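Grab a pencil and work through these exercises one at a time. Try each task yourself before you read the solution below it.

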Amino acid sequence: MITRRLCLRNLVESFRLGSSMSKLGCRYNLAFLSSSSLPQAREQFVYSDDESADVDWDNLGFGLVPTDYMYIMKCAKEGNFEQGQLNRYGKVELSPSAGVLNYGQGLFEGIKACRKEDGRLLLFRPDQNAIRMKIGAERMCMPSPSVDQFVDAVKQTVLANKRWVPPPGKGSLYVRPLLMGSGPVLGLAPSPEHTFLVYASPVCNYFKEGFAPLNLYVEDEFDRASPGGTGGVKAISNYAPVLKAQIRAKNRGFSDVLYLDTVNKRYVEEVSCCNIFIVKGNMIATPATNGTILAGVTRRSIIEIAGDHGYQVEERRVAVDELMDADEVFCTGTAVGVASVGSITYHNTKVEFRTGAKTVSAELYSDLVGIQKGLSEDKKGWIVEID
Ligand SMILES: Cc1ncc(COP(=O)(O)O)c(C=O)c1O
């Protein structure tokens, strides 16, 4: 009964989509309803070809480009998430006393969808993001969508916004799932209602440097995360506190900030939104995930690829002195990809590192990107095709 009602609501919404799309001169045809959570709709409507959105694909950066649709799914206290649905992209209504607004009870994720030359749309390991959100939700006392619900919502959001997926080689559709305490609370307590929302934006390079090497600043005044805190999960509350350090570093001409551990102020942690690796000879090392840094999906994938290439990969403490003595340094993340680091400045000392086409990071990135864009065989089963 509930399924039937929700499907009908989706159909009403889809007709609105059809009319607004035709105003845009678009050949969309209720296409997004082909997702697995809408079986009745799938039987009735066939996905049609999409027409590219009106975007200057050659000058795409990493700013928000609003798209057509977002996905919303709710969970009342103690319950499971009810079936979600696509809505027009737009404002969200929240109580002024929502848990997310008052106490920062929220998590987010980031996943990229790529368009292959043959038009197929690919996601990279979305199940890993779903699992990370589950772990984060447990830490933040929130219910979380199942892995299937999460992946299905991501697929539906990409399909609904298909015309916003950049052409091959021009970037990707960045998909942003959010989990937030949306119900009202006054005294500090978990929110009585939670909302899972997925929106998307076409993006290209994260850093204004494009593919040029990054210049990082080692921060020793401001901390990012301390043991026992939430640094190991993608809590929204981890990010605003680093803005001060990030803005200061950018104003001084650096690309971003590299954080140290808060206890010894000696071991490297991560950059504001990506993980870090050092290379010395045949050895590649990256800080172990011990609860204060995010276990990046790209980080894990690069560790595996580097092992396949015969490098000795170590997940352990990396002292800042060892970092400054490395041959090569690079960062990994969904938004940044694999970004090579040209220099690091620590206590007024600037050290430069090897960069360019013959580096280890270039070698590993080429493998990773080949899989992500569907250019090489996906022997690891990391790609999820959206159909
Ligand atoms: C703090 C932080 N570290 C690392 C990463 C990289 O993680 P992933 O490779 O899963 O995007 C991110 C981005 O999600 C991040 O915000």
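This is a predicted model: local features need pLDDT of at least 70, side-chain atom pairs count only at pLDDT 80 or more; totals for chains, interfaces and linings use all residues.

## Exercise 1: Strand β1 and its neighbours

**Task.** Take strand β1 (residues 69-76) and say how many of its residues are buried. Then describe how β1 pairs with β2 and with β7.

**Solution.** 
- Step 1: Count the cover. Six of the eight residues in β1 are buried, so the strand is mostly covered.
- Step 2: Look at β2 (residues 85-88). β1 and β2 pair in the antiparallel sense, over four bridges. For an example, follow I72: its bridge partner in β2 is Q85.
- Step 3: Turn to β7 (residues 193-203). This strand also runs antiparallel to β1, and six bridges join the two. Here you can follow K74, whose bridge partner in β7 is T195.
- Step 4: Now use the side chain of K74. K74 forms a salt bridge with E193, with the closest N and O atoms 3.9 Å apart. K74 belongs to β1 and E193 to β7, so this pair ties together parts that are 119 residues apart in sequence.

## Exercise 2: Another salt bridge, and a network

**Task.** Locate the salt bridge between R224 and E270, and decide whether these residues are buried or exposed.

**Solution.** 
- Step 1: Check the distance. The closest N and O atoms of R224 and E270 are 2.7 Å apart.
- Step 2: Find the two places. R224 is in the loop between β8 (214-219) and α6 (243-251), while E270 is in strand β10 (residues 268-271); the pair links distant parts of the chain, 46 residues apart.
- Step 3: Check the cover. Both R224 and E270 are buried.
- Step 4: Zoom out. The whole structure has 19 salt bridges. Among D118, R120 and E385, salt bridges that share partners make one network.

## Exercise 3: Around the ligand

**Task.** Describe the shell around the ligand: how many residues surround the ligand, and of which classes?

**Solution.** 
- Step 1: Count. 16 residues surround the ligand, and the closest are K234, Y239, E270, T298 and T334.
- Step 2: Sort by class. The shell has five nonpolar, seven polar and four charged residues.
- Step 3: See which elements contribute. α7 (297-308) and β14 (328-333) each supply at least two residues of the shell.
- Step 4: Look at the ligand's oxygen atoms. One is 2.6 Å from an N or O atom in the side chain of Y239. For T334, the distance from a ligand oxygen to a side-chain N or O atom is 2.6 Å.
- Step 5: Work out the cover. Taken alone, the ligand exposes 380 Å², and the protein buries 96% of that.

Definitions and conventions: Residues are numbered from 1 along each chain as its sequence is written. Side-chain values use heavy atoms; hydrogens and water are left out. A residue is near a molecule or strand if one of its heavy atoms lies within 4 Å of it. A polar contact is a pair of N or O atoms within 3.5 Å; within protein, one must be able to donate a hydrogen and the other to accept it, and residues adjacent in sequence count only if both atoms are side-chain atoms. Accessible areas come from the Shrake-Rupley method with a 1.4 Å probe; for residues, only the protein chains shown count as cover. Ala, Val, Leu, Ile, Met, Phe, Trp, Tyr, Cys and Pro count as nonpolar, Asp, Glu, Lys and Arg as charged, and the others, Gly among them, as polar. Buried means under 20% relative accessible area, exposed over 50%, partly exposed in between (1.4 Å probe, protein chains only). Two strands pair if DSSP finds at least two bridges between them. A salt bridge is a side-chain nitrogen of Lys or Arg within 4 Å of a carboxyl oxygen of Asp or Glu.
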